[in-house]
Amino acid sequence: MRLRLLPKSTVRRLSFLLAATVAIAGLSACGSGGSSGSAGNATSGTINWWGWTPTDTATADNYIAAFNKQYPNIKVNYKLVNISDWVAALRPALASGQGPDVFDVQPGAYVTEFKSFAEDLTPMAEQALGSDWKSKVAPIGISGLTADGRLVAMSVGAVYAGMLWINEGTFQKYNLSPPTTLSEWEHVCQVLKQNNVGCFVQGAAQEGFDQDTLQSIANSVQPGLWTKASTGDAKWNDPGIVQTLAIWKQMFGDGIMQTGAVGYQQYPDANNDFLTGKYGMVMMGTWYTQYATNKAMTAALSAAGVSGAKPFPILPVAFPDVAGKGNTSEMYGDSDFGLAVATKSKNRAAAETFVKWVTTTTAGQQVIADQLDDLPALKSVEPNLNVIQLVNPSSQTKPVQDLVTSVGTVTEPRESLLSADVQTAILAAATSVATGKATPQQAADTLQQAAEAAGETFK
Amino acid sequence: MRLASRREPSGVAVTETHVAPHRPPSQRAGAVGGGVRTRRQARRPLGLPWILPALTLSVGLLYYAIGYTAYISTLNWDGIGPNPQHVGGGNYTRIFHDPVFWDAVRHTVYFFVVTFLIQTLLGLTFAVLLHSRVKLAVVYKVIVFVPVVLAPAIMAPVFRHMFAPDGEFNGLLHALGLGTLAQPWIGQTSTALPVIMAITIWEWTGVTFVLYYAAMTQVDQSVLEAARIDGAGNLRTLFNVIWPEMRGTTVALAILSAIGALKTFDVPYLVTIGGPNYATEFLGTYIYRMTIPLDHVGYGAALSIILLVVALVMAILFQVAGRERKARD
């Protein structure tokens, strides 16, 4: 088909129109990409909150409903983003200016990564809690969320790890006691397997959860060694770390770890398998306390695809002394997450109102505490176990109360000292040892090289 | 070529006859004074508005993006920081000493060879069978093709479940009395990659089948009849008459499979996250891992450039090989 050419005058008009359109589009693009947000109204407006946690929207909606009792004119939309997609989703959203007004920040690598997109919340903390605000909140929630002297996010609550959770019914049924040593652990697994019940389930394909187990093993080998390696005061190929990896390998060979663990993810695979009763033990932190309640356990069972299942009681138990050196179980923790206010938010004042209410008021922190997902950031607030409906209060109340009390003295960090590169290298070391591709010594040497290549310095 | 260049002026001149009366007087004067050459120059800009959208898209999006990626590949940069550090070819040097990169390359080659061969075999077999008089042929065609239209994101959780230690595949093995073969298929380095290849073959055999099926409809019936008259059986007809006719289709499928292998991302990422222990890492998943979760945008860009070069070299090789064979024929 032959096209008829247009008269030149028409072409000129078209060219001008095209040029004008391009110019306007370019100007508008500059406008939307480069502008900062505006303060807006502190008591009304709509704000968007993005987070990977709370991991179910019902919990987030519960927080928002409590907030709206005091601030009914601020509408909060919660968007749950899977942790594996978090960076990919958040970075372009914040960079474009079309992202959330409030977003979750995890201590450690994410603070560095997103600090330029977040307001400094120090003035907000001082205004809400006074000039001595640091003495009123858990210190573990401040250091991990501060970068370059700026408070990138205000801690909502903390999580601690270093314990196991067991299915109480399974242990009672087979007359088992929680293991305290590696050999007892192996015995428990033998008994459960003889009865066609899985023993311990671990999502060894995910670095964060491998780190928890490795850090607990390392604390059994030499308390504090893991943290020393994280800060550069010890090397990752220290003999203690090599022994840690050797014990980790032994857990695969002796049948403690489930078959195919290195292909498992902690969420959803291991979590679902434990909650559906396929396994008797799992390595989870204090965030799992929520599943000691009827409400959260029922919701979790439903999410795991079990319809009409009856909630069962779970109990926290100390991590066994797997090195046999008599070292007691040390726990470690970080702020679970903080809430940051986006610099480009167009409703910054309302966003700050929401963050302030959740993180610094007694009402907000009590809602967080009673959810039993995070332990509250404010020191003055504790979960109200008289109100919370546990699945089996007679057996669960004391262990849960003991757990809440014991973490108050924890100072050892969990992940906040580790960069993303080192975490990846730890996962590579763990899986290469587990699959027999490397000896513990080789894996530890490779881990040390990777940490040095990532810019970590060692004494 | 000479014929074409002679036709062009005459063709345009016809158009010029229609356009000239609508032009402003000044331009008409210029055109008249300049003769044929000047008139052609005056006409040239008129085509620009028509190709401008395509030109903007291709230059603005494609080539600009490639150029920008090449530039980023010389940086040590997290993608958002204000002060990227220039490292020249440092990222490329690191890549060539990176064992995970070489693992990814090996996986890609292995993946291409196995998936291409099995898909070709299955696709050809299905096409031959469904060209014979089979009852319910349409139903079989649909069954073979349905996996092509199912999104990997939907099927990935199904496969994760199916190949789990207590999944349906092991259940099937137990039911068949082959329980000793049951194992954690995606939870060990020795079997994870074969599982990824099996899923890919299941997913894409439908395309191979459709292309072979269509190509077989083009085979001259008289040639087939002549083969029959000469006493050729089914297999001899297939290998000596039909298969040579499928050469063009096979080359096209080889190119598609090779490019597909280089671009492989969705299935390994969704089913095994490139693991365990990088056992299913491909160039695509490694680029994503380095660029997004680890923020090594410069390193990821360097990997992307290498991927681009490999794809270009491969496409050229296939093209050259195809032309040489055509010339020999």
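## A tour of chains A and B

Select strand E8 (residues 198-201) and strand E9 of chain A: three bridges join them, and the two run parallel. Helices (H or I, at least four residues) and strands (E, at least two) are DSSP runs, numbered from the N terminus. Two strands pair if DSSP finds at least two bridges between them. Now pick out A:Val201, which stands opposite A:Val282 in E9(A).

Before moving on, note that this is a predicted model, in which local features need pLDDT of at least 70, side-chain atom pairs count only at pLDDT 80 or more, and totals for chains, interfaces and linings use all residues. Residues are numbered from 1 along each chain as its sequence is written, while chains are lettered from A and ligands numbered from 1 in the order in which they are written.

**Stop 1**

E7 pairs with E9 (residues 279-282) in the antiparallel sense, over two bridges. Look for A:Ile166 here; its bridge partner in E9(A) is A:Met281.

Now show the whole sheet. It is open, has four strands in the order E8-E9-E7-E10 (chain A), and its pairing is mixed. Which strands stand at the edges? They are E8 and strand E10 (314-318) of chain A; each has a single partner strand, so one side of each is left without a neighbour in the sheet. Neighbouring strands of this sheet are turned by 25° against each other on average, direction ignored. Strands of a sheet pair through backbone hydrogen bonds, either parallel or antiparallel.

**Stop 2: the six-stranded sheet**

Stay in chain A. Another open sheet has six strands, in the order E2-E1-E3-E11-E6-E12, again with mixed pairing. Its edge strands are E2 (74-80) and E12 (375-376) of chain A, and each pairs on one side only.

Select strands E1 (residues 45-51) and E3 (residues 102-105) of chain A. They pair in the parallel sense over two bridges. A:Trp49 stands opposite A:Val102 in E3(A).

**Stop 3**

Go back to E8 and step into the loop between E8 and helix H9 (207-221) of chain A, where A:Ala205 is found. Is A:Ala205 buried or exposed? A:Ala205 counts as buried, because it has 27 C-beta neighbours inside 10 Å. (A residue is buried if 20 or more other C-beta atoms lie within 10 Å of its own, exposed if 12 or fewer, and partly exposed in between; C-beta atoms are placed from the backbone.)

Show what A:Ala205 touches, leaving out residues up to four places away in sequence. From chain A there are A:Val262, A:Gly263, A:Tyr264 and A:Gln265; from chain B there are B:Ile273, B:Gly275 and B:Pro276. (Two residues are in contact if their C-beta atoms, placed from the backbone, lie within 7 Å.)

**Stop 4**

(Angles under 35 degrees count as roughly parallel, over 145 as roughly antiparallel, 65 to 115 as roughly perpendicular and the rest as oblique.) In the contact, H9(A) supplies A:Leu214, A:Ile217, A:Ala218 and A:Val221, and the H11(A) residues include A:Ile241 and A:Trp248.

Next, select helix H18 (residues 440-453) of chain A. H11 (residues 239-253) packs against H18 at an angle of about 125°, with their axes 8 Å apart. That makes H11(A) oblique to H18(A). Among the contact residues are A:Leu245 and A:Lys249 of H11(A), and A:Pro440 and A:Ala444 of H18(A).

**Stop 5: over to chain B**

Select chain B. Its secondary structure comes to 15 helices and two strands. How many of its 329 residues count as buried? The share is 28%.

Zoom to B:Val267, which lies in helix H13 (residues 266-272) of chain B. B:Val267 counts as buried because it has 22 C-beta neighbours inside 10 Å. Not counting residues up to four places away in sequence, B:Val267 touches B:Pro152, B:Ile196, B:Ile199 and B:Thr200. Finish by drawing a distance line from B:Val267 to B:Met197: their C-alpha atoms are separated by 9.1 Å, though the two residues are 70 apart along the chain.

Terms used: Axes fitted to C-alpha atoms, helices over the stretch in contact; angles between N-to-C directions.
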